[in-house]
Structure formats: structure tokens, C-alpha cells
Amino acid sequence: MSFAQQSEQTIAQNYDLILDRVKKSRDRFGPAGNQAQQDTTIVAVSKTQPVEKIKPLLDLGHRVFGENRVQEALGKWPALLEKYPGVQLHLVGPLQTNKVRDAVKIFDVIQSLDREKLALALSREIKSRERDIRCFVQVNIGREEQKAGIDPDGAVKFVERCREEHGLDIVGLMCIPPLGEAAGPYFAQLAILAERAGVKCLSMGMSGDFETAMEMGATHVRIGTALFGARQVSR
Ligand SMILES: *Cc1c(COP(=O)(O)O)cnc(C)c1O
């Protein structure tokens, strides 16, 4: 078997496993766990992964992907989008205002909205391009100095401003809990904030903790390494 075939098979197996684990969590925690009463969306985080590793998932019919860099997405995805209709691309990494124009070209969902200046820039660009883009507000749920996201205390007000003043389509909240700590309590806090903010979606949980996140009501889980294997470059 060639290297490519082998990697294709591994990704297919990983995908089956993840689908199965997500289904099992759904069965255990039920749709009542998430406020949206919706299916759990698996965002396949393909950052740093080459197109050869992304194609097998697309061939299996998966359509929701996440990237964390605008430039990388612009390099990898246009050709794939042409070949595979119906793909929904999520930006899960930080967004600089000078990259907003490019981001709005290629992404369908921005998960990293976390400040006023970005809300303003996004709102202008989305209107001028007449694109239909949904946003998650990223919350710095562990109040970590080095981490992106809005402070939990300001999150509800910020969602309100994004909606009322900037006309943005805010569908949910997103978080990355502190490394090396139990994630459950942070996920629970995000769920409470989402309820107070009146948003239905919760993007939380990655390869190592998505089942915990689902228990706390995740509607979107962001899975990279458990699908694609280790990344080329660590980020
Ligand atoms: C890389 C990344 C993921 C995926 O992480 P894994 O542990 O590889 O599943 C999820 N969310 C964000 C924001 C990321 O940057």
C-alpha cells in the first residue's frame, strides 16, 4: 500500500471512530444538553494539514472544516471549494483587522470575534460584500493573560453590541479552556454565559475533551489531531 493510501485509510478510520464517539455522547447526554437542540457539528480542524489529508474526509462526505490562519486557508481551500460543493469553512484562530477582507472572502463562520474593533471591521466588510457570515464570540473563559477572547464579565454585553450596533449574526460562544486543568467547569461556565447572552451554539471541546464538552452542551466540537494525526508544525 502506498503512503497516500495508508494515510487515507487511517483518516477514514479516525473519522469513523470520532463519529461513533460523538454519537455515543449524544445518546448519553441527549439533545437536551444543548440549547439549540441540534445535531453536534464536527468542525474538522485542518490547520497545517496538506490537501492530501483533507481530501479523504471530503470524499467521505464531511463538509465542515476549521482553519486558524487566513493566509493558509486562502492557499489551500479555493481549489477544494471548487471541487467539493457545500463546504462550510470556520475560522477558529485569531483574526487581525487587516485580514478581515480576506477572511470574509473565504470563511462562512468566524469563531474568533472578541473585540469591538474587529466587530466593526467585520460588519463593514460583510455588508459591502453581501456575504452571509455567522459569528461566534470567543470568550477568554480562564481569564488567561496571553489568551485571545473577551473577558467573561463583558461577554453578554459584547454579544448585545455586536447584534444591535453592528448587525452581526452572532450564533454562539466559543472558548479554549486553560491547558492542563479540568475543562468541565469552564465549559459549564460558557454554557451559562451563552444562556444569559441568548445565543444557542456552543463551540467547545477539542480532540482531548470533546466528550466532556458535549456533556456540558457543546453544539460544535473542533477536532484536529484525532482526525488527521499530529500536525506538521506545532501551534
Ligand atoms: C488546533 C485547534 C483545534 C484542534 O485541536 P486538536 O487538539 O488537534 O483537536 C481546535 N480549536 C482551535 C481553536 C484550534 O486552534
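Modeller: Let's start in helix α4 (residues 100-106), where Asp102 and Lys105 are about one helical turn from each other because they sit three residues apart. An α-helix has 3.6 residues a turn, so residues three or four places apart point the same way. Asp102 and Lys105 form a salt bridge, with their closest N and O atoms 3.1 Å apart. The term means a side-chain nitrogen of Lys or Arg within 4 Å of a carboxyl oxygen of Asp or Glu. Helices here are DSSP runs of H or I with at least four residues, strands are runs of E with at least two, and both are numbered from the N terminus.

Before we go on, this is a predicted model, so local features need pLDDT of at least 70 and side-chain atom pairs count only at pLDDT 80 or more, while totals for chains, interfaces and linings use all residues. Residues are numbered from 1 along each chain as its sequence is written, and side-chain values use heavy atoms, with hydrogens and water left out.

How exposed is Lys105? Its relative accessible area is 44%, so Lys105 is partly exposed. For that label, buried means under 20% relative accessible area, exposed means over 50%, and partly exposed lies in between (1.4 Å probe, protein chains only).

With this rule, the count comes to 15 salt bridges. Another one joins Asp151 to Arg143, whose closest N and O atoms are 3.8 Å apart. Asp151 is partly exposed, at 36%, and Arg143 is partly exposed too, at 45%. Elsewhere, shared partners link Glu67, Glu72 and Lys76 into one salt-bridge network.

Let's zoom in on that network. The side chains of Glu72 and Lys76 meet at 2.8 Å, N to O. Both belong to helix α3 (residues 70-83), four residues apart, which is about one turn of the helix. Glu72 and Lys76 are both buried.

Helix α3 also holds Trp77, which counts as buried because its relative accessibility is 0%. What does Trp77 touch, leaving aside residues up to four places away in sequence? The list is Ser46, Ile54, Leu58, Phe65, Glu67, Val87, Leu89 and Ile106, where contact means heavy atoms within 4.5 Å.

The buried residues of α5 pack against α4, β4 (109-113), β5 (134-139) and α6 (152-164). Those buried residues are Leu118, Ala119, Leu122, Ser123, Glu125 and Ile126. You can check the length of α5 yourself: its 14 residues at 1.5 Å each should span 20 Å, and the end C-alpha atoms are 20 Å apart, so the two agree. The expected span is 1.5 Å times one less than the number of residues. After α5 comes Glu130, with a positive phi near 50°.

The same check works on α1 (3-29). Its 27 residues should span 39 Å, and its end C-alpha atoms are 39 Å apart, which agrees. The buried residues of α1 are Ser7, Ile11, Asn14, Tyr15, Ile18, Val22, Ser25 and Arg26. Their cover includes β1 (41-45), α2, α8 (210-215), β8 (220-223) and α9 (225-228). Gly30 follows α1, and its phi is positive, near 70°.

Finally, α1 takes us to an opening. The second largest pocket has a volume of about 160 Å³. On a 1 Å grid over the protein atoms alone, a pocket is an open set of points where a 1.4 Å probe fits, with protein on both sides within 12 Å along at least five of seven lines, and lining residues have an atom within 4 Å of a point. Grid points are joined across faces, edges and corners, and the volume is the space filled by probe spheres set on them. Phe3, Ala4, Ser7, Glu8, Pro50, Glu52, Lys53, Pro56 and Gln232 form the lining. The largest share, four residues, comes from α1, and α2 (51-59) supplies at least two.
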